[in-house]
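I opened this model to look up its domains, a sheet, a core and a ligand site. My entries follow.

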Amino acid sequence: MQQVKAVVARAKGQPTEVVTINVPDPGPGEALVKVQACGVCHTDLHYREGGINDDFPFLLGHEAAGVVEAVGPDVTDVAPGDFVVLNWRAVCGECRACKRGEPQYCFATHNATQKMTLEDGTELSPALGIGAFAEKTLVAAGQCTKVDPSARPAAVGLLGCGVMAGIGAAINTGAVTRGTSVAVIGCGGVGVAAIAGSALAGAGTIIAVDIDPQKLEKARAMGATHIVDSSQVDPVTAIQELTGGFGADVVIEAVGRPETWKQAFYARDLAGTVVLVGVPTPDMTLPDIPLIDVFGRGGSLKSSWYGDCLPSRDFPMLVDLYQQGRLDLDSFVTEEIGIDDVEAAFDRMHQGDVLRSVVVLR
Ligand code: APR
Ligand code: ZN
Ligand code: ZN
């Protein structure tokens with residue numbers, strides 16, 4: 001067992017605290033990771049607010065990269081010294097999705113078996129089964145994906161969640177390829193990643209839609225060919241005008257609201273695809289749309305969970321593209337902060353100029 005500094009949310013709506021936690025030595029199937037960088041994501045704030053569940057206290061942080069320090073006795077796929085990006089989908093290899101050759105949909109992903117605790121022994125719930133606002137964290141070995149060790153931890157750690165969700169929404173779920181016309185509604189970290197992913201895949205027209213002009217400028221810098229301020233104009237009409245009057249082949253909804261999903265539905269071309277990657281809240285329902293419109297327009301209405309990624313396939317590939325200068329992950333890192341600055345980063349999250357604050361541990 002080791003004692004390390006970590007960011008914990010003790011109770012609903014209360015500010016987080018930096019405290020000492022106990023981290024067990026890795027047992028069978030587990031790995032102990034020395035965290036080097038971990039991005040601050042909306043989901044962490046959502047945990048603190050009690051919006052995910054009531055299993056307080058939470059150990060926050062889940063978009064991370066680090067170095068494996070020790071592994072359990074039976075672990076063979078990662079070893080001490082490996083540089084890894086952590087994922088929250090360690091696939092099982094045995095469920096019905098895995099068995100039919102679609103492990104990216106694994107229905108039985110797993111986390112570490114042993115619990116990290118507060119000093120008094122209270123068990124912690126790690127955010128998304130990771131808990132990486134900590135000097136060290138204990139995860140399932142399958143949550144560690146080895147990548148090029150010369151890559152910058154603060155940048156590649158972001159592949160562990162939001163950036164992968166966005167890129168994957170485009171290239172995995174949306175199947176964006178050479179010449180595809182794409183519109184992305186909502187240009188936060190996830191939406192901008194969907195734009196970068198679309199550009200990487202060779203999309204033709206890439207339309208960024210947001211209500212915040214600052215976000216739109218960022219989107220343009222990351223590969224959008226056109227921008228639409230939907231606080232000023234109707235985005236459906238604007239997207240149609242920019243695509244020869246037809247609508248986009250793929251429309252990615254990266255806000256997570258019924259009204260923006262409805263815009264995505266009507267802004268796509270016949271036989272086009274809607275990808276919902278924004279996460280709605282439980283009270284939201286499908287917008288009122290005539291069923292004949294669903295039938296008559298054809299195409300597909302999809303949702304994208306973690307960008308339908310397979311970490312072992314997608315993380316090393318994207319890190320290599322980053323290292324080659326073809327995927328600008330550095331632009332997602334707005335600032336590097338210390339482990340004591342997570343609360344301040346939550347406050348800054350809703351300012352237009354922040355994509356990601358990243359905690360860096362030295
Ligand atoms: N129309 C267009 N854009 C909107 C609208 C709207 N009605 N409302 C909000 N937005 C924009 C915001 O201006 C912001 O740029 O959507 C963006 C949301 O970005 P972030 O809050 O930074 O969130 P992000 O991290 O990108 O995640 C987006 O995906 O993973 C989920 O839970 C996450 O639901 C969230 C979504
Ligand atoms: Zn499985
Ligand atoms: Zn996240």
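Domains. Domain bounds come from an automatic or database domain assignment. I found the protein chain divided into domain 1 (2-160 + 328-360) and domain 2 (167-304). Their centres, taken over C-alpha atoms, are separated by 29 Å. The model is predicted: local features need pLDDT of at least 70, side-chain atom pairs count only at pLDDT 80 or more, and totals for chains, interfaces and linings use all residues. Residues are numbered from 1 along each chain as its sequence is written, while chains are lettered from A and ligands numbered from 1 in the order in which they are written.

Domain contact. I counted two residues as in contact if their C-beta atoms, placed from the backbone, lie within 7 Å. On this count 7 residues of domain 1 touch 9 residues of domain 2. The domain 1 side of this contact has 2 nonpolar, 2 polar and 3 charged residues. Here Ala, Val, Leu, Ile, Met, Phe, Trp, Tyr, Cys and Pro count as nonpolar, Asp, Glu, Lys and Arg as charged, and the others, Gly among them, as polar.

Sheet. I took strands (E, at least two residues) and helices (H or I, at least four) as DSSP runs, numbered from the N terminus. Two strands pair if DSSP finds at least two bridges between them. I read an open sheet of 5 strands in the order β7-β2-β1-β4-β8, with mixed pairing. β7 (117-118) and β8 (125-126) are at the edges with a single partner strand each, so one side of each has no neighbour in the sheet. β1 (residues 2-9) and β2 (residues 17-23) pair in the antiparallel sense over 7 bridges. Ala6 has Val19 in β2 as its bridge partner.

Core. A residue is buried if 20 or more other C-beta atoms, placed from the backbone, lie within 10 Å of its own. A nonpolar core is a set of buried Ala, Val, Leu, Ile, Met, Phe, Trp, Tyr and Cys residues joined through C-beta atoms within 7 Å. The largest has 117 residues, and Val184 and Ile252 are among those with the most contacts inside it. Both domain 1 and domain 2 give this core at least three residues. Beyond four places in sequence, Val184 contacts residues including Ala194, Ala208 and Ile252.

Ligand. Which residues are closest to ligand 1? They are Gly186, Gly188, Val190, Gly256 and Val279, out of 23 that surround ligand 1, each with its C-beta atom, placed from the backbone, within 6 Å. α5 gives the most to this shell, with 3 residues.

Notes
A residue is buried if 20 or more other C-beta atoms lie within 10 Å of its own, exposed if 12 or fewer, and partly exposed in between; C-beta atoms are placed from the backbone.
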